[in-house]
Amino acid sequence: MARRAPRPDRRVGHVDGAVGALVGLLVVFAVTLLLSGSDVQPVGPVASLVYLVTSIVAGIVCWFPADTGRGTVWGWRLVGVRAVFAVVATMLVAVPRTSTGSNAYPVVADWIVLAGFPVLYVAAMLLVTAQVRHLDVGAWLDGVVVAVGIAAVANAVLLAPLRAAQRTAPTSVAILLGQPVADLGILLAVCGAILSLRLVPSGGLRLLLAGVAVRFLGDSLRLAMEASGTNSLERLVAFLWLSSAVLVAVAARVPSSGTVAVRTTPVSDSAAWWRGLALPGGAALGSLAILAVAQQHALPLAASSLALVTLTLALARTALTFHEVLSLSDVHAQARTDDLTGLPNRRALFERADALFRRRSARAASAVDRAVSSRTASASLPSPTSDTTETTGTERPMGTARSMGTARSMGTERSVGTERYTDTGPASLVIVGLDRFKEINDSLGHAAGDALLIQVGQRIRTHLRSDDLLARLGGDEFALLLPRTSAEGAVALARTVRASIEEPFTVEATRLHVDASLGVATTPVPGGSRAELLRCADIAMDDAKRSGSGIALYSPVMHGEATNRVALLEELRSALTGDPAGGELVMHLQPQMTLVAGSPADQRVHGMEALVRWIHPTQGLLLPGRFLPLAEGTGLMRDLGYVVGERALDACRTWWDLGYRFPVSINLSAADMHDEALPERIAASLASRGLPASALVIEVTEHSLMADSARVRPVLERLRASGVAISIDDYGTGFSSLAYLRRLPLDELKLDRLMVADVHQDTASAAIVRHTVGLAHSLGLRLVAEGIEVAETRDMLADLGCDVGQGYLFARPMPPSDVADWLAASAAPSR
């Protein structure tokens, strides 16, 4: 069934028709005025009736505005309510004129019109509020202060002369004066709010203000007419009043764009100052002047009373402004303060660094100007050594020696007991990054990590000068902005800070040792900007972290290396997804052989370790040391471990099919060990290939275990319960804690190559290996020695009791396709 088209809103058409009728009625009213006699006669009955009908229609139109937003609707409906006041006042004037021919203008009608002005003020401010979605109390209060202040001044200056010239009751004069004063107050208050908020007012709001302005002109002429005691301007006043009502009604039917237009020109700042200070301040000063004059001269009671009210409101506005300034100051400080540590944050660092670069640029420009002026002065003065000039043909610029001496003196160091404090010169930035902070967060919880960051910030601050800035960039990174500090001084400070951080921290009754990597950059830097200085320091910190040096000073060479690392990382991502643009990740296998004391010929294949390689599209074969640190720092280790693990199990299935029943060892990262679904995934991979759990050995580093043993232990227990063996890789290079050997489910230890390389030559190394063998065997663990390259090392390790050996002596890592041939050619059978 076809959907019926929506019916047009007939009410909109009726209201728009009413707007057209309003314009027509205004024309009819003007024609009626022109045809009803001389200019000095008052408005006749017919014109009064047209005036009344037009006013009623204008009020009805305001009740149905074009914009349907809640604030806008209520603003225009309040304008319609204010029109009701005008209609009632008009009826009080028009009915007697049409029925009895009386031309009197009742005082009560003026009271009713005056009572409608507060409603109009609230309506106008609501329309401004609807445009900006928010208007503070201060803006509303400013309007009231301005309106009451203008009323006080007007009463003080005009009320007495008007009373003297006017023949009616004094109260009537005050009411007549109040109407144009109220018009002007509303105009100034609303315009001030618009300017201070940097708004471009909507078309409807502009027409509303135009209507109020026309009303102000009419009320002013009415006041002048009453003061002169004639009715000569009554027709013009009536036309202006009705024109104002029609303008306001038309304004209600002007739709807005739906967007908030904001001025961006500099004049808006001065406009904000004008509204925020000049208008209420001027009203308050005028009121003070009125009260001062009232002490010496008799002024109307209304003027003094209004002046006192203005001062009271101004004091309230001052208190509110003081509160706003304090709040703004707090917000400003909070926006530049790190919530956790209380240190300045990244924004504060940026602002301070930008200011530093601006000052340096200004000093450089000033130095250039002085140099140009000096050369100009030297060229204009005769040389004091004319004979030398004639001989050499050149002049020696005057002031050169003084300039050189000044340069030396400005570059001298202050005697403060350290080399890094200089009066002028380069500025330095040091970025401090805590190493393996995520592991502390994961193992001890975020509360402990937060407490550690607070202590680190406090400890660093003790080594800084008063004008140095310590900021927290976010996460585990801090920044030290050091004005007037050379590269040598910054590096020296970096060493001090790093040594301080390496001292143990106590967090939740736990002693923690933390390492840090620090990058140092010194001005001038390429581009000469804060962003470049920060980037250079960040590159240096990454270099320090990657190289393990702890501290690195930026050099242009690092920039190229950092760019290369970014490119290499993207290519690694491509390789992991199988994109040919990233080259190919391949797996090599290295045999592990049993060690038999006194009988090398009896050694046999114990297993194979899977080692990843990367065939880069342009750099050729890359070893793990080139790309594994990138993968670890960017969360790619889990994806990489999955690729290697799947290929390793495929290779294992191949040699199991050939009758070689030994396992394959794969290395997993800390990210893998935090995966609670790891045991299920490994079990599924083994089952899909028809391999038993004993066909796999999982190798993890000491560091991965100690970083979050509480989370890792359940995963290891489930793996070992399924039959998968667990091995500690690179044993002896990490924590080497005996406690975790007792707590964790393990099957073997792998001694790092650094501990066995010279075991046949160094008695200390031999003693360490001997005791490690005894420890492993007493715990029921197998001991594997890596990096065996010569027969003497193999024989010594076998004599010391090592169970398994691995290294170039037995075989180099080989592609899976070569394993079968190597096994066939090898005299060592599999177990």
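What is the order of the strands in the open sheet of 5 strands, and what pairing does the sheet have?

**Figure 1. Strand order in the open sheet of the predicted model.** The 5 strands follow the order β2-β3-β1-β6-β7, and their pairing is mixed. Strands β2 (469-474) and β7 (551-553) stand at the edges with a single partner strand each, so that one side of each is left without a neighbour in the sheet. From one strand to the next, the twist averages 20°.

**Figure 2. The crossing of α15 with α16.** The axes of helix α15 (residues 446-461) and helix α16 (residues 487-502) come within 10 Å of each other and cross at roughly 140°, and the two helices are therefore oblique to each other. The crossing in which α15 passes α16 is right-handed. On the α15 side, Val456, Arg459 and Ile460 meet Val497, Ser500 and Ile501 of α16. Sorted by class, this contact of α15 with α16 comprises 4 nonpolar residues, 1 polar residue and 1 charged residue.

**Figure 3. The contact between α27 and α28.** Helix α27 (residues 763-778) packs with helix α28 (residues 791-800) at an angle of about 45°, and their axes are 9 Å apart, which makes α27 oblique to α28. The crossing of these two helices is right-handed. Ala766, Val769, Arg770 and Val773 of α27 make the contact together with Met796, Leu797 and Leu800 of α28. Of the residues in the contact of α27 with α28, 6 are nonpolar, none is polar and 1 is charged.

**Figure 4. The contact between α2 and α8.** The axes of helix α2 (residues 45-62) and helix α8 (residues 234-252) come within 8 Å and cross at roughly 20°, so the two helices are roughly parallel to each other. Their crossing is left-handed. Tyr51, Thr54, Ser55, Ala58, Val61 and Cys62 in α2 meet a set of α8 residues made up of Ala238, Trp241, Leu242, Ala245, Val246, Val248, Ala249 and Ala252. By class, the contact of α2 with α8 has 12 nonpolar and 2 polar residues, with no charged residues.

**Figure 5. Segments in which pLDDT stays under 50.** Across the protein, pLDDT averages 77, and 73% of the residues score at least 70. Over residues 1-8, pLDDT stays under 50, and the model has 0 contacts beyond four places in sequence for this segment. Over residues 259-275, pLDDT also stays under 50, although for these residues the model has 30 contacts beyond four places in sequence.

Conventions. Residues numbered from 1 in each chain as written. Predicted model: local features only at pLDDT ≥ 70, side-chain atom pairs only at ≥ 80, totals over all residues. Heavy atoms only, no water. Axes fitted to C-alpha atoms, helices over the stretch in contact; angles between N-to-C directions. Helix = DSSP H or I, 4+ residues; strand = E, 2+ residues; numbered from the N terminus. Parallel < 35°, antiparallel > 145°, perpendicular 65-115°, else oblique. Left-handed = near helix turned anticlockwise from the far one by under 90°. Contact = heavy atoms within 4.5 Å. Nonpolar A, V, L, I, M, F, W, Y, C, P; charged D, E, K, R; others polar. Pairing = 2+ DSSP bridges. pLDDT = per-residue confidence, 0-100.
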